[in-house]
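Visitor: Hello! Please walk me through this molecule step by step, as I am new to reading structures.

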Amino acid sequence: MKANYDYDSIEIKMLEYVKYLKEHPQKLWDLELYQGRLNLSYFARKFGMNEIGFFNNIPKRYETIVVPINNMLLSEGVALENETDGGANIRRKILIWWNSLTTKEKLALPVHGNKLKLTGSLFKNVPEAKGGMRYKCVVNLISDIDSELRELGLFNDSYLNVKDRTAARDSDFQSRATAEKERWYNLGENPINSTDDFIEPTEENHYLQIEQAFSWKARDIKSESGKNNFKQACNFFINFIKNEGFDSLVKWNDVLSEYTLLHFRSFLYASDYASKATTLSSVRNTLTKLKQVKGLGFDGYHPAPALKQDDRVTDAYTPIKREYRQKLDDAIETAISETFELKGSSKIFPYLLKLMREVGLNKEVVVELEIDDFERNHHLTNKPCLRYWKDRSTGDKELHLDIFKANLQWLSVKQSKAVSEVYNKVLELTKNIRQNAPENIKNKLFIYESDGQNSLGKIFQLNSHRSTVACKAFQNKYIDGFTFEVTQLRSTLVSELLEFDASIRDIQLLLGHASIEVTMKYLDRLDFNVTARTKLNEALKQIHLSSLEENDTPEVEVKNDEIDDNGIIFKTSLGGCKNILNPPNNVRSIDYIEGSPCGQFNKCLSCSNVIITKSHLPELFAMQRDFLKMLTNDSIKNTPYSNVVEENLSVLNSILDEDNSEFDKSELEIAKQASTYIDVSESLGMM
C-alpha cells in the first residue's frame, strides 16, 4: 500500500533545511554519503519518507535541493571531487572522530613504527575503517593523520626500522645470547630426584629453582625448537609468579599448589603473547615432571583447558568489565525509552538485552523464546519461571520432536518483575505485526518489521544472526568507550553472582546445569575457578560439619490439608508429623523428656507418625539425590553417620520406587521432574 505524503510540505521543509545548511556548514558532516554524494535514501527518511522517487520524478526538486547540498559537501570537504565509491562515507566518519579529538587526546594515541596504531585507536572508534582500507581516500586520510601526529611531535625522529635496528645491534649480542642459553641448559644437567637436588636461589638470581626445573624437563626434548619452547615458558612462568607476589629467593614448595596451572592459564589468557598454547603445554609438562620429586609434596594439579593461539581475554564469553556494566544498563534503559521512535530490529533488541541481563540465558535460547514461555505461577511450585527449549541433534542434524527437552528457569521476585515487564512491552510493540507474521514465527517473542530497503515491511524473527547485527547498531548509537558481545551477558551475570557471594548451587540453577560438576567446568572455562572453588570448598566443609549435627530448632507450621485426632499436622523438614509431642520409642533420644517436641529429624522417614503426601514428593526425590551424593563422600561414608543416611535411603526407595510405591507412576514422574531445581540441603542441616 503506497503511503500518502504531503509532498509540497516536505519540499518546503527540505528547502528550509538547505538554507539552514548554508548558515551552519558544520552540520554537513552529519549527512550520510552514498557513492561520494548525498545518500538520497537516508535524506528521504530524515523527512519521514521511505522512497527516493520524490527527487527523480520532478527534476526541479533535485536541482533545488540535492545539487546545492552536494556542492556544499564538496566545498566543506565532506565529499571529494573524484571520489565516488564507498570509501567516501567511511572517510567522513574518520574525520568526524579525528576532528573531535583535542591535541592532548591526539598525543595520547598509541603508535607503532612511527605510525598511528590503528587497532588501538581508529578501528576501535570507527569500526568501518577496517574494511575501508581498500579505498584510496581512506588510506590517504590516514597518511595525513600520521603527518599531523609527526608535526605534533608524537613520533620519535630517532626511530629505526627493523633493517636498521638489526644493523645497529650491539656487536657482541650474539655471543652474550649464546652464553645465557648455555647457562640455562646447564642448570638441568643433573636430575631432580628429591628436594635436596634443588639449587638454592641467590641474591643474583631469585628464580634459580624455577629455571632448573624447566631446564631439567627441556632435556627430555630432542629438537632445538622444542627446548626453546621450555625456555620461553620458563620466562613466562617467572613473570607469572612475580605477578603473584613471589619476588625473593623463590622456591618451588612456596609457589606450587593444586591451582597453579589454572592460575597460570588465567595469567597467560590475558596476555598478548602469540604462542600461548605451546607455553601452557610446556608449563603443564614441567609441573607433571615435578610430581616425581620426593619431599616436594606436590601430588598434582587441577587440569586447565587448552588455549587456542588466538584466545584472548576479549573472548566473546568472558564477563563485561565491572566499570562498563552500569554504562550498559543505562544504555539499555535509554534505548527502551526511545523504542517507539525506533524501527526494525532496533525497536526490539534493547528488550532482548534487558532479559539476558536479568536471567542469564544463552542468546540462542532467548531468541527462540515464545510468547507463552513465561509462567507467572508454575502449576507444581506456584513460582514464576521461563520455559525454554534446547534441541539435541542427531549426527545428520535432523531434528525430531522426541529429541527436544523442555527446561525451566526459576525466577526470583526481582527477575519475575523484570521479565514480566519485558514480555508486556514486547507484546505491546509487536501486537500490530504479529497477525501478519509468517506462521513459523508468529508465536516467537522477539519479532520485528524490517525497515531495510530490500525487505521493507517484511516480518522477521530476531534470530541469533540478526541479533548480532542489531548489537552492532545498538553500540554505534548508545555505547561509547567500550564494546561487548551479546554472549558476554550470561557470564557477566555469573560474575556478579560470585561477587555478591551467591552459592555454587544458586549459580548451577541459574545456568540450568544438570550437575554441579558441569557448573564448575563452566566456571573454570571462564576463569571464575579461583573464586568458585573457594566457595565450593567452604560449602562442602559446612555440609560435612552440619550433616553430622542434629537440627534441634524445628520450624512448626499448621497444615490444613490433612488433620489427625488433635486437628494439627506439624510440618517438619521431611514431611508432616501427626504427633510431634509423642514420638515412638524407636525414634526417641535417650534423654527425651515426656511431652516435649521431638528433635530427631534425621529419623522422620522411619517414624510411624510421619505423613507423606503428594506435595512432599519433589522434596523427597531431591533428598534421595543428595543422600546418594553424600555416600560418595569418604568423609561421611566411613563414619557411623552413613548408617543414618543409608537407613533414610532405604525408606525413600520404598516410597519413590514406582514398583512398590503407593503413589501412581505419573505422580512420581511429575514430582521427580519438579525436584531438579529443589535444594533440600538446608532442610537436612547441610548449609
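Guide: Welcome! Here, helices (at least four residues) and strands (at least two) are DSSP runs, numbered from the N terminus. Please keep in mind that this is a predicted model.

Visitor: How many helices and strands are there in the protein?

Guide: Both kinds of element are numbered from the N terminus. Counting them in the protein gives 29 helices and ten strands.

Visitor: What share of the residues of the protein count as buried?

Guide: A residue is called buried when its relative accessible area is under 20%. The protein has 687 residues, and the share of them that count as buried is 43%.

Visitor: Which helix gives the largest share of the lining of the second largest pocket?

Guide: This pocket holds about 1400 Å³ of space. Of its 26 lining residues, the closest to the centre are Glu32, Arg45, Ser346, Asp451 and Ala473. The elements that give two or more residues to the lining are helix 2 (40-46), helix 5 (87-100), helix 18 (349-359) and helix 21 (464-478). The largest share, seven residues, comes from helix 21.

Visitor: How do the residues of that lining divide into nonpolar, polar and charged?

Guide: Gly counts among the polar residues, while Asp, Glu, Lys and Arg count as charged. Sorted by class, the lining of the second largest pocket has ten nonpolar, seven polar and nine charged residues.

Visitor: Is Arg357 buried or exposed?

Guide: Arg357 sits in helix 18. Away from its neighbours within four places in sequence, Arg357 touches Arg325, Leu328, Asp329, Ile332, Leu489, Thr492, Leu493 and Glu496. The relative accessibility of Arg357 is 10%, so this residue counts as buried.

Visitor: Is Lys106 buried or exposed?

Guide: Lys106 belongs to helix 6 (residues 103-107). Beyond its neighbours within four places in sequence, its contacts are Trp98, Leu101, Glu148, Leu149, Leu152 and Leu154. Because its relative accessible area is 9%, Lys106 is buried.

Visitor: What is the distance in space between Lys106 and Leu152?

Guide: Along the sequence, Lys106 and Leu152 are 46 residues apart. In space, C-alpha to C-alpha, they are apart by 8.8 Å.

Visitor: How is helix 13 oriented relative to helix 15?

Guide: Two packed helices are described by the angle between their axes and the distance between the axes. For helix 13 (residues 224-243) and helix 15 (residues 260-269), the axes lie 10 Å apart at an angle of about 100°. Angles of 65 to 115 degrees count as roughly perpendicular. Therefore helix 13, relative to helix 15, is roughly perpendicular.

Visitor: What classes of residue make the contact of helix 13 with helix 15?

Guide: Helix 13 contributes Phe236, Phe237, Asn239, Phe240 and Asn243. Helix 15 contributes Thr260, His263, Phe264, Phe267 and Leu268. By class, the residues in this contact are six nonpolar, four polar and no charged.

Visitor: Is Asn243 buried or exposed?

Guide: Asn243 is part of helix 13. In sequence, Asn243 is 24 residues from Phe267, with 8.8 Å between them in space, C-alpha to C-alpha. The cut-off for exposed is over 50%. With a relative accessible area of 54%, Asn243 is therefore exposed.

Visitor: Where is Leu249 placed?

Guide: Leu249 has a positive phi of about 45° although it is not a glycine. Its relative accessible area is 33%, so Leu249 is partly exposed. The place of Leu249 is the loop between helix 13 and helix 14 (252-255).

Visitor: What is the phi of Gln35?

Guide: Gln35 lies in the loop between strand 1 (33-34) and strand 2 (37-38). Gln35 is partly exposed because its relative accessible area is 46%. Although Gln35 is not a glycine, its phi is positive, at about 55°.

Visitor: Which residues is Glu449 in contact with, leaving aside its neighbours within four places in sequence?

Guide: Glu449 is found in strand 6 (residues 447-449). Glu449 counts as partly exposed because its relative accessibility is 40%. Its contacts, neighbours within four places left aside, are Gly344, Ile433, Gly457, Lys458 and Ile459.

Key
Residues numbered from 1 in each chain as written. Predicted model: local features only at pLDDT ≥ 70, side-chain atom pairs only at ≥ 80, totals over all residues. Heavy atoms only, no water. 1 Å grid on protein atoms, 1.4 Å probe; cavity = no way out; pocket = protein on both sides within 12 Å on 5 of 7 lines; lining within 4 Å. Points joined across faces, edges and corners; volume = space filled by probe spheres on them. Buried < 20%, exposed > 50% of the residue type's maximum accessible area, 1.4 Å probe, protein only. Contact = heavy atoms within 4.5 Å. Axes fitted to C-alpha atoms, helices over the stretch in contact; angles between N-to-C directions. Parallel < 35°, antiparallel > 145°, perpendicular 65-115°, else oblique.
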